[in-house]
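Here are my notes for your read-through, as numbered points. Keep the structure open beside you and look up each place as you go.

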Amino acid sequence: MADAVLYEVSDGLATITLNRPEAMNALNTEAKVALREALLAAEADDAVRAVLLTANGRAFCVGQDLKEHVGNLMSDKESGTELTMTTVREHYNPITLAITRMRKPVVAAVNGAAAGAGFGFALAADYRIAADTAKFNTSFAGVALSSDSGLSWTLPRVIGTTRATELLFFPQNITAERALELGILHRVVPAEELAATALELARRLSAGPTVALSAIKEAVAFGAGHTLEESLAKEDELQTRAGTSEDHVIAVRAFLAKEEPKYLGR
């Protein structure tokens with residue numbers, strides 16, 4: 001059996017590929033554990049300076065594997081336990097936090113359907129590019145569940161509370177074009193160009209000033225939940241971090257010499 005998640009590091013870029021194409025990359029326990037561990041490995045590896053999250057097959061990720069899920073629910077009913085839903089705190093929460101807290105930019109390349117947790121993981125990424133054939137769906141209410149994978153936090157911040165509530169209450173397919181209009185996506189490309197375009201973007205980030213990009217990511221996340229005064233103080237802290245990095249010196253010298261900087265990621 002092929003690995004549920006593939007992990008590869010090359011030239012500072014970690015590529016994490018969901019690899020259950022026959023199941024539209026639905027998340028069974030194996031896939032959830034493997035995805036969580038791959039993200040943690042990318043964060044811990046100093047050689048990794050950016051992450052590309054992508055998928056094999058015609059779907060990005062349709063969320064929870066309901067075939068496995070229903071079997072677990074029946075087992076819980078027979079045993080009088082509630083072990084099935086511990087997957088939120090054991091898998092979905094750590095995966096979402098690993099993406100959002102990672103001190104490296106994360107690019108999500110959405111090749112097809114992104115539903116439920118698949119939508120949540122894509123929305124947690126820093127840059128989202130999708131094929132023109134991709135579709136997004138919150139899905140949860142359609143199977144009598146609340147939201148998870150951060151969608152209750154990320155979606156309102158991206159499209160506003162009114163639209164987010166509508167999409168969560170009334171799950172519906174959102175085309176890539178509409179997702180771009182709503183701000184869910186940064187870019188849409190023809191399906192046949194997605195892999196190459198996403199790789200080029202991710203490689204640009206992996207060759208970039210990693211400390212500065214990390215600081216930008218942290219500043220934006222901090223500013224979403226703090227006052228202006230608190231955000232200014234955080235900017236001061238983060239600017240000091242970036243300004244004392246080797247890459248900042250490299251950038252200034254390259255600017256004065258009218259050359260392209262070659263960053264070290266530190």
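1. Let's begin with the second largest pocket. Sorted by class, its lining has twelve nonpolar, seven polar and five charged residues. Remember as you look that this is a predicted model.

2. How much space lies in that second largest pocket? About 390 Å³. Its lining counts 24 residues, and the closest to the centre are Val62, Gly63, Gln64, Asp65 and Leu66.

3. Now for the largest pocket, with a volume of about 1,000 Å³. It is lined by 35 residues; if you want to find its centre, go to Thr100, Ala124, Asp126, Lys217 and Ala221, which are the closest to it.

4. Which element supplies the largest share of the lining of the largest pocket? That is helix 9, with seven residues. Several elements supply at least two residues each, among them helix 3 (87–101), helix 4 (117–124), strand 7 (127–131) and helix 9 (210–223). Helix 5 (151–159) and helix 8 (194–206) belong on that list too. By class, you get 18 nonpolar, nine polar and eight charged residues in this lining.

5. Next, have a look at strand 2, residues 13–18. Is it mostly covered or mostly open? It is mostly covered, with six of its six residues buried. In a regular strand, side chains alternate between the two faces of the sheet. Here Leu13, Thr15 and Thr17 lie on one side, while Ala14, Ile16 and Leu18 lie on the other, and both faces are covered.

6. Who are the neighbours of strand 2? Strands of a sheet pair through backbone hydrogen bonds, and they can do so either parallel or antiparallel. Strand 1 (residues 5–10) runs antiparallel to strand 2, and six bridges join the two. To see one of these pairings, find glutamate 8, whose bridge partner in strand 2 is threonine 15. The hairpin of these two strands has two residues between them, and there aspartate 11 takes a positive phi near 50°.

7. Strand 2 also pairs with strand 3 (residues 50–55), this time in the parallel sense, over six bridges. Here you can look for leucine 13, which stands opposite alanine 50 in strand 3.

8. There is also an open sheet of four strands, in the order 4-6-8-9, with mixed pairing. Why is one side of strand 4 (59–61) and of strand 9 (174–175) left without a neighbour in the sheet? Both stand at the edges, each with a single partner strand, so one side of each has no neighbour there. Strand 8 (residues 135–137) and strand 9 run antiparallel and are joined by two bridges. In one of these pairings, lysine 135 has threonine 175 of strand 9 as its bridge partner.

9. Last stop: serine 245, in the loop between helix 10 (228–243) and helix 11 (246–256). Is this serine buried or exposed? Serine 245 counts as buried because its relative accessible area is 8%, and the cut-off for buried is under 20%. The side chain of serine 245 reaches the backbone nitrogen of histidine 248 at 3.2 Å. If you leave aside neighbours within four places in sequence, serine 245 is in contact with Val211 and Arg266.

Methods:
Residues numbered from 1 in each chain as written. Predicted model: local features only at pLDDT ≥ 70, side-chain atom pairs only at ≥ 80, totals over all residues. Heavy atoms only, no water. Buried < 20%, exposed > 50% of the residue type's maximum accessible area, 1.4 Å probe, protein only. Polar contact = N/O pair within 3.5 Å; in protein donor to acceptor, adjacent residues only side chain to side chain. Contact = heavy atoms within 4.5 Å. 1 Å grid on protein atoms, 1.4 Å probe; cavity = no way out; pocket = protein on both sides within 12 Å on 5 of 7 lines; lining within 4 Å. Points joined across faces, edges and corners; volume = space filled by probe spheres on them. Nonpolar A, V, L, I, M, F, W, Y, C, P; charged D, E, K, R; others polar. Pairing = 2+ DSSP bridges.
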